[in-house]
Amino acid sequence: MRLALFQPDIPQNTGTLLRLGACLDVPLDIIEPCGFIFNEKAMRRAGMDYLEMVSYRRHNSWADFLQYRQEHPEEYGRIVLLTTHASKPYTEFEFQKNDIILMGRESAGVPEEVHQMADARLLIPMNQNARSINVAVSAVMVVGECLRQTDAFPKVEG
């Protein structure tokens with residue numbers, strides 16, 4: 001399983017998700033351009049001291065990400081987009097170990113082209129009067145369910 005961030009806008013959310021990846025051994029893909037300067041100094045300033053522990057790859061564009069995915073089919077499976085414009089709850093989806101959980105931009109989600117390319121589009125059931133849940137919180141919920149279903153949480157000794 002992988003977590004992909006499409007043109008993230010908020011460095012604190014990106015830092016949170018990089019930390020999640022470090023703690024749960026989930027690799028991340030950062031699909032640029034970002035809405036902030038993405039470098040080690042900026043991430044450390046945002047409190048992200050886990051960069052050495054996380055496996056992440058930066059892609060210059062959506063096209064670069066797709067090309068890399070095509071070249072590494074053993075690591076990159078289905079694109080599972082988390083979106084408010086879906087009808088299937090993530091709790092009713094059967095995840096696979098090499099799924100890519102794709103998160104859109106905090107400010108705009110993903111463009112229609114990306115939305116249409118997803119192999120699955122899932123939502124988090126929530127109060128119909130609310131717009132959306134924070135992208136980092138949303139990712140944590142879905143990543144946790146994917147890891148649970150695929151028995152891929154890091155093993156605890158003892």
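Two aromatic rings of Phe, Tyr or Trp form a pair when their centres lie within 6.5 Å of each other. In this predicted model, the structure holds seven such aromatic pairs.

## Aromatic pairs

A pair of aromatic rings is described by the distance of the centres and the angle of the planes. One of the pairs joins Phe6 and Trp62: the ring centres are 5.9 Å apart and the planes stand at 70°, so the pair is edge-to-face, given that angles over 60 degrees count as such. Phe6 belongs to strand β1 (residues 2–6) and Trp62 to helix α3 (residues 62–71), so the pair ties together parts that are 56 residues apart in sequence. Phe6 is buried, because its relative accessibility is 3% and the limit for buried is under 20%. Trp62 is also buried, with a relative accessible area of 8%.

The rings of Phe38 and Tyr56 make another edge-to-face pair, with the centres 5.8 Å apart and the planes at 75°. Phe38 sits in the loop between β2 (28–31) and α2 (40–45), while Tyr56 is in strand β3 (residues 56–59); the pair links distant parts of the chain, 18 residues apart. The two residues can be set side by side by accessibility. Phe38 is buried at 6% relative accessible area, whereas Tyr56 is partly exposed at 27%.

Ring pairs also build a cluster, which takes in Phe6, Trp62, Phe65, Tyr68 and Tyr76.

## Salt bridges

How many salt bridges does the structure have? The count comes to eight.

| Pair | N to O distance |
|---|---|
| Glu75 and Arg2 | 3.5 Å |
| Arg69 and Asp119 | 3.4 Å |
| Arg78 and Asp99 | 2.8 Å |

Glu75 and Arg2 form a salt bridge between distant parts of the chain, with Glu75 in the loop between α3 and β4 and Arg2 in strand β1, 73 residues apart. Glu75 is partly exposed, at a relative accessible area of 35%, but Arg2 is buried at 6% relative accessibility. Arg2 and Glu75 also belong, together with Asp29, to a network of salt bridges.

The side chains of Arg69 and Asp119 meet in a salt bridge as well. Arg69 is part of helix α3 and Asp119 of the loop between α4 and β7 (120–123), so this pair ties together parts that are 50 residues apart in sequence. Asp119 counts as partly exposed, with a relative accessibility of 47%.

Arg78 forms a salt bridge with Asp99. The partners are 21 residues apart and link distant parts of the chain: Arg78 is in the loop between α3 and β4, and Asp99 is in the loop between β5 (88–89) and β6 (100–103). Arg78 is partly exposed at 23% relative accessibility, while Asp99 is buried at 0%.

## The largest pocket

Rolling a probe the size of a water molecule over the atoms shows where empty space is left. The largest pocket has a volume of about 620 Å³. It is lined by 28 residues, of which Leu82, Thr83, Thr84, Gly109 and Ser132 are the closest to its centre. Which elements each supply at least two residues of this lining? They are β4 (79–82), α4 (112–117) and α5 (135–149). Sorted by class, the lining of the largest pocket consists of 13 nonpolar, 11 polar and four charged residues.

## His115

His115 is placed in helix α4. Is His115 buried or exposed? His115 counts as buried, with a relative accessibility of 11%. Leaving aside residues up to four places away in sequence, His115 touches Leu81, Thr83, His85, Val110 and Arg121.

## The cavity

The structure holds one cavity of 30 Å³ or more. The volume of the largest cavity is about 40 Å³. Its lining is made up of Leu5, Pro8, Asn13, Thr14, Leu17, Met103, Gly104, Glu106 and Val135. Helix α1 (residues 11–24) gives the largest share of this lining, with three residues. By class, the lining of the largest cavity has five nonpolar residues, three polar and one charged.

Definitions and conventions:
Residues are numbered from 1 along each chain as its sequence is written. This is a predicted model: local features need pLDDT of at least 70, side-chain atom pairs count only at pLDDT 80 or more; totals for chains, interfaces and linings use all residues. Side-chain values use heavy atoms; hydrogens and water are left out. On a 1 Å grid over the protein atoms alone, a cavity is a set of points where a 1.4 Å probe fits but cannot get out, and a pocket is an open set with protein on both sides within 12 Å along at least five of seven lines; lining residues have an atom within 4 Å of a point. Grid points are joined across faces, edges and corners, and a volume is the space filled by probe spheres set on the points. Helices (H or I, at least four residues) and strands (E, at least two) are DSSP runs, numbered from the N terminus. Ala, Val, Leu, Ile, Met, Phe, Trp, Tyr, Cys and Pro count as nonpolar, Asp, Glu, Lys and Arg as charged, and the others, Gly among them, as polar. Rings of Phe, Tyr and Trp (its six-membered ring) pair if their centres lie within 6.5 Å; planes under 30 degrees apart count as stacked, over 60 as edge-to-face and the rest as tilted. Buried means under 20% relative accessible area, exposed over 50%, partly exposed in between (1.4 Å probe, protein chains only). Contact means heavy atoms within 4.5 Å. A salt bridge is a side-chain nitrogen of Lys or Arg within 4 Å of a carboxyl oxygen of Asp or Glu.
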